[in-house]
Amino acid sequence: KLIENADYYGKVFLGDCEDCTKITALYKDFTFDKILIGGLGLGLLPEYAKSVKNCSVIDVIENNQELIDYIDYLESPINIIKGDALSYTPDKKYDLILLDLWWEKEDITQEVQDNIKNNYNSHLETGGKIILPIAEKEL
């Protein structure tokens with residue numbers, strides 16, 4: 001399903017959508033302050049994490065320099081890192097690592113999931129989560 005309303009995108013992918021039972025369940029009894037987002041898009045998720053969730057650390061990994069240059073309206077504490085989200089190695093720990101990299105659920109193979117877990121598990125705070133919102137899955 002497409003999410004057409006820009007104001008709704010952050011609500012859905014960051015767990016505030018009341019009608020999105022599967023994604024909302026991933027956030028049940030879970031709060032976060034430090035977030036790493038894979039995929040910049042138009043900056044909707046980092047902006048929502050800043051303005052609604054009040055996150056103190058918001059890092060975003062994006063490999064497309066043209067997109068990074070275009071999305072020049074995001075302000076601190078949003079930090080954009082040029083890199084590949086599937087191979088990036090963080091230098092800190094996060095409460096939430098959210099990977100918004102795919103258009104189709106079928107692209108998130110078991111091999112991709114295993115690689116993500118192997119790459120990011122040691123960069124989660126105790127009780128932290130890796131969430132793949134398109135697959136409605138927590139790793």
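"Buried", in this talk, stands for a relative accessible area under 20%, exposed for over 50%, and partly exposed for what lies in between, with a 1.4 Å probe and protein chains only. F32 is buried by that cut-off, with a relative accessible area of 11%.

Some ground rules. This is a predicted model, in which local features need pLDDT of at least 70 and side-chain atom pairs count only at pLDDT 80 or more, while totals for chains, interfaces and linings use all residues. Residues are numbered from 1 along each chain as its sequence is written, and side-chain values use heavy atoms, with hydrogens and water left out.

I stay with the aromatics. Rings of Phe, Tyr and Trp (its six-membered ring) are paired if their centres lie within 6.5 Å; planes under 30 degrees apart are stacked, over 60 edge-to-face, and the rest tilted. The structure has 4 such pairs. In one of them, Y9 and F13, the ring centres are 4.7 Å apart and the planes are at 50 degrees, so this pair is tilted. Y9 and F13 are 4 residues apart in helix 1, residues 6-13, and thus separated by about one helical turn. Both Y9 and F13 are buried. Another pair is Y27 and F32, with centres 6.1 Å apart and planes at 50 degrees, so tilted as well. Y27 is buried, at a relative accessible area of 7%. Y27 and F32 form one aromatic cluster with F30. Over the ring of F30 sits the charged end of K129, 4.9 Å from the ring centre; the criterion is NZ of Lys or CZ of Arg within 6 Å of the centre and within 35 degrees of the ring normal.

Next, the cysteines. Which residues does the disulfide join? C17 and C20, with an S to S distance of 2.1 Å; the cut-off for the sulfur pair is 2.5 Å. That rule gives a count of 1 disulfide. The torsion about the S-S bond is about 65 degrees, so the disulfide is right-handed. C17 and C20 are both buried. C55 is buried, at 5% relative accessible area.

Last, the strands. Helices (H or I, at least four residues) and strands (E, at least two) are DSSP runs, numbered from the N terminus, and two strands pair if DSSP finds at least two bridges between them. Strand 2, residues 57-62, and strand 3, residues 78-82, run parallel and are joined by 5 bridges. I61 has I81 as its bridge partner in strand 3.
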